[in-house]
Amino acid sequence: MGNIANRIKNLRQEKNFKQWQIAKYLDITQQSYSYYEQSKRELPMRHIVKIAEFYNVSTDYLLGTAPRRSGNFDLNSNYIQDLTLKSVVAGLTKLNTDNRQELIRFMYHLDRHHDNHEKSDATVRRK
């Protein structure tokens, strides 16, 4: 259960939402939602589906059966801070080939580092 708890907490923090805001969306108390993030209560399927819809990720991602988020991206919605995904892609097209390749290598490095960090965190929690 810890995996889904970490994922919903990380998604909430990435989008700068407060627990009470997600709880309101789910029509539950903030305390109940907090228990889900702390793995003190099992997240019901109806809430898993609503959270996946809210964050535009798959239920498989939330449940930990898919390593990557999926879903449709709205290119004009805010992706990070005030940038849209469309503006990020537009910026990438302005880079020369060498810089694009370097950026892609760096992104893969960050992704591997993140995956390894999650695995080591899971190992520590099991001990």
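**Salt bridges, helices and loops in a predicted chain**

Two salt bridges are counted in this structure, which is a predicted model. A salt bridge here requires a side-chain nitrogen of Lys or Arg within 4 Å of a carboxyl oxygen of Asp or Glu. Side chains of opposite charge can pair when their charged atoms come close.

One of the bridges joins the side chains of Glu37 and Arg12, with a distance of 2.6 Å from N to O. Glu37 belongs to helix H3 and Arg12 to helix H1, so this pair, 25 residues apart, links distant parts of the chain. Glu37 is buried, at a relative accessible area of 8%. Arg12 also counts as buried, with 8% relative accessibility.

The bridge between Glu102 and Arg105 has its closest N and O atoms 2.9 Å apart. Both residues lie in helix H7, which covers residues 97-126, and because they are three residues apart, about one helical turn separates them. An α-helix has 3.6 residues a turn, so residues three or four places apart point the same way. Glu102 is partly exposed, with a relative accessible area of 45%.

The chain as a whole contains seven helices and two strands. Along the sequence these elements follow the pattern α-α-α-α-α-β-β-α-α. There are 127 residues in the chain, and 24% of them are buried. Among the contacts with a separation of 6 or more, 45% come from residues 24 or more positions apart. The accessible surface of the chain is about 9,400 Å², and carbon and sulfur atoms account for 52% of that surface.

Helix H4 spans residues 45-55, and its buried residues are His47, Ile48, Ile51, Ala52 and Tyr55. Viewed down the axis of H4, these buried residues fall within an arc of 135°, which means that they line one face of the helix. The face of H4 turned away from the buried side carries Met45, Arg46 and Glu53, which are exposed.

Met45 also takes part in a nonpolar surface patch, together with Val49 and Leu63. The accessible area of the three residues together is about 250 Å². Leu63 is located in helix H5, residues 59-63.

Most residues other than glycine have a negative phi, and most peptide bonds are trans. Asn56, which follows H4, has a positive phi near 60°.

Asn16 likewise has a positive phi, near 60°, and is a residue other than glycine. Asn16 sits in the loop between helix H1 (2-14) and helix H2 (19-26). With 66% relative accessibility, Asn16 counts as exposed, because the cut-off for exposed is over 50%.

For Ser39, phi is positive and near 60°, again in a residue other than glycine. The loop between helix H3 (30-37) and H4 holds Ser39. A relative accessible area of 33% makes Ser39 partly exposed.

Conventions:
Residues are numbered from 1 along each chain as its sequence is written. This is a predicted model: local features need pLDDT of at least 70, side-chain atom pairs count only at pLDDT 80 or more; totals for chains, interfaces and linings use all residues. Side-chain values use heavy atoms; hydrogens and water are left out. Patches are made of residues with over 30% relative accessible area and no salt bridge: like charges are joined within 9 Å, nonpolar side chains (Val, Leu, Ile, Met, Phe, Trp, Tyr) within 5 Å. Accessible areas come from the Shrake-Rupley method with a 1.4 Å probe; for residues, only the protein chains shown count as cover. Helices (H or I, at least four residues) and strands (E, at least two) are DSSP runs, numbered from the N terminus. Buried means under 20% relative accessible area, exposed over 50%, partly exposed in between (1.4 Å probe, protein chains only). The arc is that of the directions from the helix axis to the C-beta atoms. Contact means heavy atoms within 4.5 Å.
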